[in-house]
Amino acid sequence: MKSVRVFAPATVANMGCGFDVMGMTLDGVGDVMTVSVEEGDGLQIENLTDVELPEDIDKNVVTPAIRAMMAAFGEKRMVKVVIEKKISPGSGIGSSAASSAAAVYGLNVALGSPFSDERLVEYAMEGEKLISGGTPHADNVGPSILGGVVLLRGYEPLDIVRLPVPDNFCCSVAHPAIMVSTKMAREVLPKDIPLRTAVKQWGNVAGLVAGLALGDVYLVGRAMCDVVVEPYRKQFIPGFDELREKVTAAGALAFNISGAGPSVFSLSADMATAERVGEIMREHFANQGVGSDIYVSKVSNRGARVVE
Ligand code: HSE
């Protein structure tokens with residue numbers, strides 16, 4: 001039997017304007033699980049956390065990710081997954097993605113590393129397909145496995161680009177204690193958008209990528225502006241526009257929904273501002289009668305990894 005304990009970090013998908021194509025990695029918050037393989041055939045998932053997960057393993061995101069990987073591996077094994085620590089589901093910081101990422105990363109190590117990290121992203125996407133209502137996307141699983149900032153240039157075939165992270169890229173994330181499912185947050189989106197809206201959005205996505213490549217965090221901040229998805233999703237976040245005004249007045253360079261929400265995130269050029277913004281976010285949600293968890297960190301270059 002081979003057993004591996006792994007950590008996969010939380011992530012901020014979309015990064016404002018890059019719906020389904022951009023994502024970045026947070027530090028210090030994520031899922032921890034132990035993955036074991038032995039002779040035999042099958043999959044067992046044990047949940048040691050306080051977080052409620054589906055009893056039926058076919059409804060757990062880990063299952064399609066592991067099945068896709070074992071099908072590609074081509075040999076049978078008994079796979080056991082023990083989930084030890086879990087980001088709350090529906091948080092908007094890639095909770096399901098961190099589980100899929102940890103599962104495939106751990107299984108790969110346990111099998112003797114037959115797959116590249118990029119292939120692991122493809123298998124982990126199967127978990128995202130399960131919870132998003134059928135659309136596989138890699139803007140959480142990509143950065144959770146690879147670390148740093150990840151661009152999905154295309155999906156058919158998957159074309160993953162790792163982008164440099166500016167040194168002064170400081171992020172404040174608030175996870176308010178409300179639940180928004182990815183499926184619901186995708187169902188409110190329009191199927192088509194006007195050309196003039198698309199023009200604004202692709203200018204911003206290009207600006208975001210250029211800002212990262214040039215190490216210009218101010219350009220990144222100007223470009224983190226979402227005119228396509230945010231107008232439909234901000235209704236789920238209490239006082240969203242007011243909070244943007246408050247954090248911008250405090251010196252934040254950008255403020256957006258993290259992934260499908262309800263988490264929000266803000267970009268600052270230094271840690272002192274990012275800490276202050278985190279406090280403003282906590283206060284804001286408290287005033288709305290909603291508790292929140294706040295994370296303040298630089299964007300991390302470290303993705304999934306083996307831990308003791
Ligand atoms: N890009 C995805 C969305 C991230 O915004 O729906 C959440 O899985």
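**The ligand and its shell**

Student: How do the residues of the shell around the ligand divide into nonpolar, polar and charged?

Tutor: Happy to start there, bearing in mind that this is a predicted model, with local features needing pLDDT of at least 70, side-chain atom pairs counting only at pLDDT 80 or more, and totals for linings using all residues. Side-chain values use heavy atoms, without hydrogens and water, and numbering runs from 1 along each chain. Gly counts as polar here, and Asp, Glu, Lys and Arg as charged. The shell divides into 3 nonpolar, 5 polar and 5 charged residues.

Student: Which residues around the ligand are the closest?

Tutor: In total, 13 residues surround the ligand, each with a heavy atom within 4 Å of it. The closest are Asp20, His137, Asp139, Arg186 and Arg233.

Student: How much of the ligand's exposed area does the protein bury?

Tutor: Begin with the polar contacts (N or O pairs within 3.5 Å): polar side-chain atoms of Asn14 and His137 each lie 2.8 Å from an oxygen atom of the ligand. Taken alone, the ligand exposes 260 Å² (Shrake-Rupley, 1.4 Å probe). Of that area, the protein buries 97%.

Student: Which domains does the shell draw on?

Tutor: The bounds come from an automatic or database domain assignment. With at least three residues from each, the shell draws on domain 1 (2–163 + 301–306) and domain 2 (170–298).

Methods
A polar contact is a pair of N or O atoms within 3.5 Å; within protein, one must be able to donate a hydrogen and the other to accept it, and residues adjacent in sequence count only if both atoms are side-chain atoms.
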